[in-house]
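Student: I have a structure to go through with you. Can we take it question by question?

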Amino acid sequence: MNRAKLDSIRGAGPAILPSVLNCDFGNLMAEVDRLREAGTEILHLDVMDGHFVPNLTFGMPIVEGLRRHTDMPLDVHLMISDPVTYAKPMVDAGADMLTFHVEAVKDPVEVAGKVRDLGVGVGVAINPGTPLSELDVCLDSVDMVLVMSVEAGFGGQTFNPVAIDRIRELRSRYPELLLEIDGGINLSTIGAAREAGCDLFVVGSAIISSDDYTVAVSELNDAMMSANGGSR
Ligand SMILES: O=C(CO)[C@@H](O)[C@H](O)COP(=O)(O)O
């Protein structure tokens, strides 16, 4: 994001970010309108390359189309082997926040610096099986950590509770760091993630599989807000 947008997200408190991964791509823009009308404010986009993860989604043309269609900040999760090559094209297409995977790169500090130089927010994501210590080297170089609560690659997977301990640990060590969780977030899991100290909650199927996005977002929001916000 431009840095001002990032600051406004930081200041806004906990938020639900809908992922369009499992939505009706034949009606993508209408789906985004429904998500916006349901009260969500930041869109989470899952970019997969069929190499870093065994699934393929979309690239810059879709991001650029969404950018023209909506004023929602675009939080782009790069599940790709080569985030450096695609960082600038993604920013040119309209990404506001770029998150790369720590497992995908040799030098996360260098990658974070290259993304930061593009003027957008930078996040680092970590899969459930990767030791949290892999992040230590780069935590001072990023704006956000995306703690995966499923193995990156597909929507609709079951929540892995290891993510809760990871959020709790990161929150206690880095009180000001923006923390995002992604994968299997629903009415049964969002409260625990909030209590552990998470800020941003990516939700795919729990919204998209619902008939009424407004009701789904509102119930998730209530569950999130009624949980104790962790030690910030
Ligand atoms: O990044 C990913 C999957 O790799 C996520 O954004 C999921 O797509 C979230 O979907 P649900 O688990 O909520 O269905």
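Student: By class, how many residues of the shell around the ligand are nonpolar, polar and charged?

Tutor: Keep in mind that this is a predicted model. The shell around the ligand holds 21 residues. Split by class, the shell has two charged, eleven polar and eight nonpolar residues.

Student: Which elements give two or more residues to that shell?

Tutor: Start with the closest residues: Ser19, Leu21, Gly155, Gly204 and Ser205. Then go by element. Those that give two or more residues are β8 (200–203) and α8 (205–208).

Student: What is the largest C-alpha distance among the residues annotated "binding site"?

Tutor: The annotation comes from an unreviewed UniProt entry and covers His44, Asp46, His77 and Asp182.

Student: Is His44 buried or exposed?

Tutor: His44 sits in strand β2 (residues 43–48). Its contacts beyond four places in sequence include Leu17, Pro18, Asp75 and Val202. A residue needs 20 or more C-beta neighbours within 10 Å to count as buried. His44 has 28 inside 10 Å, so it is buried.

Student: Why does Asp182 count as buried?

Tutor: Asp182 lies in strand β7 (residues 178–182). The same cut-off of 20 applies. Asp182 counts as buried because its C-beta neighbours inside 10 Å number 26.

Student: Which annotated residue does Asp182 touch, not counting residues up to four places away in sequence?

Tutor: Asp182 touches Leu146, Met148, Ser149, Val202 and His77. Check these against the annotation, which covers His44, Asp46, His77 and Asp182.

Notes. Residues are numbered from 1 along each chain as its sequence is written. This is a predicted model: local features need pLDDT of at least 70, side-chain atom pairs count only at pLDDT 80 or more; totals for chains, interfaces and linings use all residues. A residue is near a molecule or strand if its C-beta atom, placed from the backbone, lies within 6 Å of it. Helices (H or I, at least four residues) and strands (E, at least two) are DSSP runs, numbered from the N terminus. Ala, Val, Leu, Ile, Met, Phe, Trp, Tyr, Cys and Pro count as nonpolar, Asp, Glu, Lys and Arg as charged, and the others, Gly among them, as polar. UniProt positions are given in the numbering used here, feature names are shortened, and annotations may be inferred rather than shown by experiment. A residue is buried if 20 or more other C-beta atoms lie within 10 Å of its own, exposed if 12 or fewer, and partly exposed in between; C-beta atoms are placed from the backbone. Two residues are in contact if their C-beta atoms, placed from the backbone, lie within 7 Å.
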